[in-house]
Amino acid sequence: DCYRLYGIYVEKGLETVEENAFYGCRNLRDLLYSGTEEDWENVSVADGNDCLLDAKLTPDYVLGEDNE
């Protein structure tokens, strides 16, 4: 159970999120992604990752920069 996980940063190039990888992450709210929204739509997300799919996607995120 990863109830203390509120946000995650994901690099462009991710192809697959395995089944139940984020199961129980009920507080996950923010998905910071270095690729575009279209890139994210091409990531295969298996069952049991509803928390990840429900998180707010912030595409084109660059770690270490002001992304506002």
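Asn-20 lies in the loop between β2 (16-17) and β3, where helices (H or I, at least four residues) and strands (E, at least two) are DSSP runs numbered from the N terminus. The phi angle of Asn-20 is near 60°, a positive value in a residue other than glycine. With a relative accessibility of 39%, Asn-20 counts as partly exposed; buried means under 20% relative accessible area, exposed over 50%, and partly exposed in between (1.4 Å probe, protein chains only).

The model is predicted, so that local features need pLDDT of at least 70 and side-chain atom pairs count only at pLDDT 80 or more, while totals for chains, interfaces and linings use all residues. Residues are numbered from 1 along each chain as its sequence is written, and side-chain values use heavy atoms, with hydrogens and water left out.

The chain as a whole comes to two helices and five strands. Read along the sequence, these elements follow the pattern β-β-β-α-β-α-β. The C-alpha atoms fill a box of roughly 30 × 25 × 15 Å, taken along the principal axes. For 68 residues, a compact globule would have a radius of gyration near 11 Å, and the 12 Å of the chain agrees with this; the radius is taken over C-alpha atoms, and the globule rule is 2.2 Å times the number of residues to the power 0.38. Of the contacts in the chain with a separation of 6 or more, 58% are accounted for by residues 24 or more positions apart, contact meaning heavy atoms within 4.5 Å. The accessible surface of the chain is about 4,800 Å², and 43% of this area belongs to carbon and sulfur atoms; accessible areas come from the Shrake-Rupley method with a 1.4 Å probe, and for residues only the protein chains shown count as cover.

Three of the strands form an open sheet in the order β1-β3-β5, with parallel pairing. The strands β1 (7-10) and β5 (56-58) stand at the edges with a single partner strand each, so one side of each is left without a neighbour in the sheet. Neighbouring strands of this sheet are turned by 20° against each other on average, direction ignored; the axes are lines fitted to C-alpha atoms, for helices over the stretch in contact, and angles run from 0 to 180 degrees between N-to-C directions. Strands of a sheet pair through backbone hydrogen bonds, either parallel or antiparallel. Here, two strands pair if DSSP finds at least two bridges between them.

The pairings can be followed residue by residue. Four bridges join β1 to β3 (residues 30-33). Tyr-9 stands opposite Leu-32 in β3, and Val-10 has Tyr-33 in β3 as its bridge partner. Three bridges join β3 to β5, where Thr-58 is the bridge partner of Leu-32.

Buried residues make up 22% of the 68 residues. The largest nonpolar core has 12 residues, including Ile-8, Val-10, Leu-31, Tyr-33 and Trp-40; such a core is a set of buried Ala, Val, Leu, Ile, Met, Phe, Trp, Tyr and Cys residues joined through side-chain atoms within 4.5 Å. The elements that give two or more residues to this core are β1 and β3. Leaving out residues up to four places away in sequence, Val-10 touches Leu-31, Leu-32, Tyr-33, Ser-34 and Trp-40. In soluble globular proteins, nonpolar side chains tend to be buried together.

Asp-47 lies in the loop between β4 (44-45) and α2 (50-54) and is exposed, at 61% relative accessibility. Apart from neighbours within four places in sequence, Asp-47 is in contact with Glu-19 and Asn-20, which returns the reader to the loop between β2 and β3. Asp-47 and Val-62 are 15 residues apart in sequence, yet 28 Å apart in space, C-alpha to C-alpha. Glu-38 is found in helix α1 (residues 37-41) and is exposed, with a relative accessible area of 56%. Glu-38 and Pro-59 are 21 residues apart along the chain, and their C-alpha atoms are separated by 9.0 Å. In the segment after β5 lies Asp-60, which has a positive phi of about 60° although it is not a glycine. At 47% relative accessibility, Asp-60 counts as partly exposed.
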